[in-house]
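Hello,

Here is the structure I promised to pass on to you. Please open it first, and then read my notes below alongside it.

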Amino acid sequence: MSGTLQCAAGKLFRVTRYRAPLLRLHTAAAARTGATPEQFDRAKVQLAALKTDQSNAVKLKIYALFKQATQGPCNTPRPGMLDLVGKAKWDAWSSLGTTSQEEARQQYCDLIGSLAEAERVAAPPAGASTYQTLLVSTENNITTITLNRPSKKNALTNEMYLELMAALEQASTEEESVLTVITGSGDYYCSGNDLSNFTRIPEGGMTQMAEEGRSLLRKYVQAYIDFPKPLVAVVNGPAVGIAVTVLGLFDLVYATERATFHTPFTQLGQSPEGCSSYTFPRLMGHAKACEMLLFNKKLTAAQACQLGLVTEVFPDRSFQSEVWSRLRGLAQLPPDSLKLSKQLIRSADRQRLHHVNDQEVALLRERWTSDECVAAVMSFFQKKAKL
């Protein structure tokens, strides 16, 4: 499907396929009085200044909130089935129901403010270190590491593993850095391993590839186990595989309400990593950990928070602004006190975590060369080719 939509601030954007709006209403929103007309006008100017191309769902949400704020509830006939663009716009506007114009103005301002904040955070300041697959910058005592392959849902290549280890090392020695944050660009936090890694067979064949993968993954997880400063995940969208399993090694995990958490290891003939075989049962109990690690259960952000994997969930429309405001406050805490306190908390488990990591990557090395794993990965690529 293709068509051109006119959005609230006068920008044109393309809709390539319709997805249901991902930005839901916050339950406490109705208690607010709504943004002023002046704030609404400033938000329109902010929108016009945005440089990042937003997802279709976000564009439709912006359109719907603008219409609701300026005209009230949807009052036009539903377009015919052949008018796909018009139908997508109508559905988005109609989904707001009887939301008042004042509250729609407030939600519009919250959403645009959040998008502007996300763009500001993602833009590295002058002199920031250059990486090929990451954006890395330090500002306001916070080192931000942003996975930057949005067109590939931030899937991890071998090169990204190396760059992430280098970025964590840089953050650990950066004197101005009190907190380190990992987040993703675009709609996804991280979709896990880029399975094209399995197509790069070295001269030594699958055995060499598996051994190199074992060594790389072992060092990568070690970087999280031994990271000396507070480490925060800002999960801006769906997370898959190792992007989920290492969360048990973070000190805080903040997630948007539309984030999901999925570890489809057995589905791909593989086994857990990131110390999740140890951290997940401790966090959520044996049965719930098995649902994820053995039976591929996907968690919503609310479920992950209830089980202890996520610290706090935020409304999607204000996720970036709320989280970064919180983090800037935390980054003012005494840095030495934070580091020493983290050392104390981690000391009881550090040796055990390294042992678990060694066991996990040893088993994965075997799985990667097994007929079962190879067949599962081949099946994945075949299904993908048919889409």
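The structure holds zero disulfides, a disulfide being a pair of cysteine sulfur atoms within 2.5 Å.

Before you go further, please note that this is a predicted model, in which local features need pLDDT of at least 70 and side-chain atom pairs count only at pLDDT 80 or more, while totals for chains, interfaces and linings use all residues. Residues are numbered from 1 along each chain as its sequence is written, and side-chain values use heavy atoms, with hydrogens and water left out.

Now the overall picture. The chain has 387 residues, and 50% of them count as buried. There are 13 helices and 11 strands in the chain; these are DSSP runs numbered from the N terminus (helices H or I, at least four residues; strands E, at least two).

Helix 5 (residues 158–173) packs against helix 6 (residues 205–225) at an angle of about 30 degrees, with the axes 10 Å apart; axes are lines fitted to C-alpha atoms, for helices over the stretch in contact, and angles run from 0 to 180 degrees between N-to-C directions. Helix 5 is therefore roughly parallel to helix 6 (angles under 35 degrees count as roughly parallel, over 145 as roughly antiparallel, 65 to 115 as roughly perpendicular and the rest as oblique). Among the residues making the contact are Tyr 161 and Leu 168 of helix 5, and Leu 216 and Tyr 220 of helix 6; contact means heavy atoms within 4.5 Å.

The other pair is helix 2 (residues 56–71) and helix 3 (residues 84–94), with an angle of about 60 degrees and axes 8 Å apart. That makes helix 2 oblique to helix 3. Residues that meet here include Leu 60 and Tyr 63 in helix 2, and Ala 88 and Trp 93 in helix 3.

Finally, have a look at Arg 328, which sits in helix 11 (residues 319–330). Arg 328 is partly exposed, at 26% relative accessible area. Leaving aside residues up to four places away in sequence, Arg 328 touches Glu 117, Arg 120, Asn 140 and Ile 142. The C-alpha atoms of Arg 328 and Leu 179 are separated by 9.1 Å, and these residues are 149 residues apart along the chain.

Enjoy exploring!

Key: Buried < 20%, exposed > 50% of the residue type's maximum accessible area, 1.4 Å probe, protein only.
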